[in-house]
Amino acid sequence: MEQQFLRWMEAYAVGHEGLDAEHRRLAVAINEIHAAERAGQNPSQVGILLDAFRRAAEDHLEHENLAMREVGDRANRAKANQLAFLKAMSDAVIDEHIAEHAQSLQKLNLVMRAFHSGPNLGERALSDILKDWFVDHAIKYDAHLKAVFQAI
């Protein structure tokens, strides 16, 4: 039996049921794209999978942004008696993470445009690029969310 291309690891989980389910769906979608590439499916078939991945990634990042805003709002209300700079710090961290999401979507859009303009992405397979994109998002940017979601 062949091992999955992108095997799910708990390190990808952030402790939020909905966001974790979305992370799992993104990993499954990357595995589907990898399988389609290995099977030699034509670029239009792979493109359909890529477009679905892009929509799922965009929905996930939007949902994650909303979840972070909710956490920030809850934390700000709970600490209303503390100094105002705590609220400003919380907002700045959330705003930074949301800006990182915008950059992440820009990277994904570049991959999409490159694929749709000609499916040959050079030396790297599409699934390798998407795997790196996902791991970067889940590990580099979302790892600190686990502590936040566990605290609430």
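Q: How many residues does helix H4 have, and what span does it reach from its first C-alpha to its last?

A: In this predicted model, helix H4 runs over residues 126-141 and has 16 residues. From its first C-alpha to its last, H4 reaches 22 Å, close to the 22 Å expected at 1.5 Å a residue.

Q: Which residues of H4 are buried?

A: The general idea comes from helix geometry. An α-helix has 3.6 residues a turn, so residues three or four places apart point the same way. In H4, the buried residues are Leu-126, Ser-127, Ile-129, Leu-130, Trp-133, Phe-134, His-137, Ala-138 and Tyr-141. These residues cover an arc of only 165 degrees around the axis, which puts them on the same side of H4.

Q: How many aromatic pairs does the structure hold?

A: A pair of aromatic rings is described by the distance of the centres and the angle of the planes. The structure holds three aromatic pairs. One of them joins Tyr-12 and Phe-134: the ring centres are 5.1 Å apart and the planes stand at 75 degrees, so this pair is edge-to-face.

Q: Which parts of the chain does the pair of Tyr-12 and Phe-134 tie together?

A: Tyr-12 lies in the segment before helix H1 (17-38) and Phe-134 lies in helix H4, so the pair ties together parts that are 122 residues apart in sequence. Both Tyr-12 and Phe-134 are buried. Together with Trp-8, these two residues form one aromatic cluster.

Q: What is the arrangement of the rings of Phe-53 and Trp-133?

A: Their centres lie 5.7 Å apart with the planes at 80 degrees, so Phe-53 and Trp-133 are also an edge-to-face pair. This pair links distant parts of the chain, with Phe-53 in helix H2 (residues 43-78) and Trp-133 in helix H4, 80 residues apart. Phe-53 and Trp-133 are both buried.

Q: Where does the charged end of Lys-131 sit?

A: The charged end of Lys-131 sits over the ring of Phe-5, at 4.6 Å from the centre of that ring.

Q: Is His-97 buried or exposed?

A: The cut-off for buried is under 20% relative accessible area. His-97 has 2% relative accessibility and therefore counts as buried. Its place is in helix H3 (residues 84-117).

Q: With which residues is His-97 in contact, leaving aside its neighbours within four places in sequence?

A: His-97 is in contact with Glu-64, Met-68, Tyr-141, Asp-142, His-144 and Leu-145. Of these, Tyr-141 is also one of the buried residues of H4. Leu-145 is 48 residues from His-97 along the chain, and the C-alpha atoms of the two are separated by 10.0 Å.

Key: Residues are numbered from 1 along each chain as its sequence is written. This is a predicted model: local features need pLDDT of at least 70, side-chain atom pairs count only at pLDDT 80 or more; totals for chains, interfaces and linings use all residues. Side-chain values use heavy atoms; hydrogens and water are left out. Helices (H or I, at least four residues) and strands (E, at least two) are DSSP runs, numbered from the N terminus. The expected span of a helix is 1.5 Å times one less than its number of residues. Buried means under 20% relative accessible area, exposed over 50%, partly exposed in between (1.4 Å probe, protein chains only). The arc is that of the directions from the helix axis to the C-beta atoms. Rings of Phe, Tyr and Trp (its six-membered ring) pair if their centres lie within 6.5 Å; planes under 30 degrees apart count as stacked, over 60 as edge-to-face and the rest as tilted. A charge sits over a ring if NZ of Lys or CZ of Arg is within 6 Å of the ring centre and within 35 degrees of the ring normal. Contact means heavy atoms within 4.5 Å.
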